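Please look through the structure shown below before reading on. The paragraphs that follow take its pockets, its sheet and a few local details in turn.

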Amino acid sequence: MRAVEIQEYGGPEVLRVVEAEVPAPGAGQVSIDVAYAGVNFADLKARADGYRVPALPFVPGLEVSGRVRALGAGVTGLAVGQEVAALTQGGAYADVVVADAVTVFPLPPGVDLRTGATLPTVLPTAYALIHTVGRLQPGETVLVQGAAGGVGTVLGQLASAAGAGAVYGVVSSAAKAEYARGHGYDEVFITSSTDPSFAKEVREATDGRGVDLALDPVGGETLRASLDSLAPFGRLVSFGNASGAQPWQVGQPDLYPLALSVSGFSILTLAQTSPTELRTLTERAFQTVVDGVVSLPVTAEFALPDAAEAHRLMGTRTSTGKLLLRAHDTDGATELA
């Protein structure tokens with residue numbers, strides 16, 4: 001089978017297509033014939049910096065859709081040939097991948113394989129940020145960093161559907177702002193990582209009060225500005241560190257004056273520490289697609305051997321929505337939005 005492998009860290013050019021043995025599932029695992037694999041920023045960090053890479057060579061990729069190829073010992077509730085989506089610990093950039101059965105989810109009725117590949121990381125993350133960790137209440141205001149990205153696209157829709165009083169986004173370009181406004185955002189601020197000045201704009205938009213919930217995947221100075229944007233009793237959830245800044249710290253002097261709270265979320269960590277909770281969360285999140293509450297547009301897809309091109313596009317920080325790799329023999333990229 002084909003697999004896209006990292007043999008050394010570096011730019012997109014280090015992604016190499018190799019012939020590999022078809023993996024067999026162990027106890028409690030499932031092998032999947034991959035139809036599509038999602039491309040995530042964590043894949044870029046794995047390629048460049050070794051993020052969550054146990055050893056080289058390594059096949060990146062955290063989410064797939066496809067059909068069950070084989071069941072390992074002790075697996076129940078799944079069947080060979082069944083269409084599924086899965087969260088993996090890596091290995092998704094391949095024709096066949098192995099995943100723990102607890103993170104393999106039957107596709108709901110009406111959800112095709114292409115749509116299914118957009119769901120395993122993005123949708124449960126967004127659902128948790130709004131409902132489980134963020135605990136958004138009707139009438140509250142929300143601020144989202146990266147509003148035009150995969151998670152941001154879903155966050156805007158979920159927040160709006162949950163009755164948010166206003167949904168504010170932060171993006172890096174006018175094109176991204178226009179895209180975000182089409183996915184649940186009432187107002188979008190344009191800023192840069194070197195000048196995260198949106199806190200002042202947020203205050204002006206909220207008549208000086210600030211927002212009730214801020215969701216930040218960037219870290220560094222951007223996270224600090226998100227904290228500065230909070231209203232009394234406001235909540236900040238960190239769910240990434242795309243800036244690559246040193247791990248942030250928040251202390252009593254930051255929290256006491258306005259009775260603020262700070263929390264964190266990582267779907268990959270939850271998959272390791274509490275897969276049962278992840279499964280419950282994911283099933284609830286998937287239902288929002290079935291109910292038509294949210295959709296996640298695929299804005300570009302690439303043939304599996306063109307994974308480097310997908311990484312280049314995402315690395316420009318100009319992409320919106322979701323990028324996919326398709327694991328079948330077609331050439332080139334398809335721009336869809």
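On a 1 Å grid over the protein atoms alone, a pocket is an open set of points where a 1.4 Å probe fits, with protein on both sides within 12 Å along at least five of seven lines, and its lining residues have an atom within 4 Å of a point. This is a predicted model, in which local features need pLDDT of at least 70 and side-chain atom pairs count only at pLDDT 80 or more, while totals for chains, interfaces and linings use all residues. Residues are numbered from 1 along each chain as its sequence is written, and side-chain values use heavy atoms, with hydrogens and water left out.

The second largest pocket is lined by Ala 128, Thr 132, Val 133, Phe 265, Ser 266, Leu 270, Glu 277, Thr 280, Leu 281 and Arg 284. Its volume is about 160 Å³, where a volume is the space filled by probe spheres set on the points, and grid points are joined across faces, edges and corners. Helices (H or I, at least four residues) and strands (E, at least two) are DSSP runs, numbered from the N terminus. Of these elements, helix 3 and helix 10 (275–290) each supply at least two residues of this lining, and helix 10 gives the most, with 4 residues. The lining divides into 5 nonpolar, 3 polar and 2 charged residues, where Ala, Val, Leu, Ile, Met, Phe, Trp, Tyr, Cys and Pro count as nonpolar, Asp, Glu, Lys and Arg as charged, and the others, Gly among them, as polar.

The largest pocket holds about 1,400 Å³ of space. Its lining is made up of 49 residues, and Phe 41, Pro 217, Val 218, Phe 239 and Ala 242 are those nearest the centre. Among the elements that each supply at least two residues are helix 1 (41–49), strand 8 and helix 9 (267–273), but helix 4 gives the most, with 4 residues. By class, the lining of the largest pocket has 23 nonpolar, 21 polar and 5 charged residues.

Strands of a sheet pair through backbone hydrogen bonds, either parallel or antiparallel. Here 6 strands form an open sheet in the order 10-9-8-11-12-13, with parallel pairing, and two strands count as paired if DSSP finds at least two bridges between them. Strand 10 (187–190) and strand 13 (261–264) are the edge strands, each pairing on one side only. Strand 8 (residues 141–145) pairs with strand 11 (residues 211–216) in the parallel sense over 3 bridges, and Leu 213 in strand 11 is the bridge partner of Val 142.

The structure also holds 12 salt bridges, each being a side-chain nitrogen of Lys or Arg within 4 Å of a carboxyl oxygen of Asp or Glu. In one of them, the side chains of Asp 95 and Arg 2 meet at 2.9 Å, N to O. This pair links distant parts of the chain, since Asp 95 lies in the loop between strand 5 (83–87) and strand 6 (96–100), whereas Arg 2 belongs to strand 1 (residues 2–6), 93 residues apart.

Two backbone details remain. The peptide bond from Leu 56 to Pro 57 is cis, with omega near -5°, and Pro 57 lies in the loop between helix 1 and strand 4 (63–71). Arg 52 is found in the loop between helix 1 and strand 4, and Arg 52 has a positive phi of about 60° although it is not a glycine.
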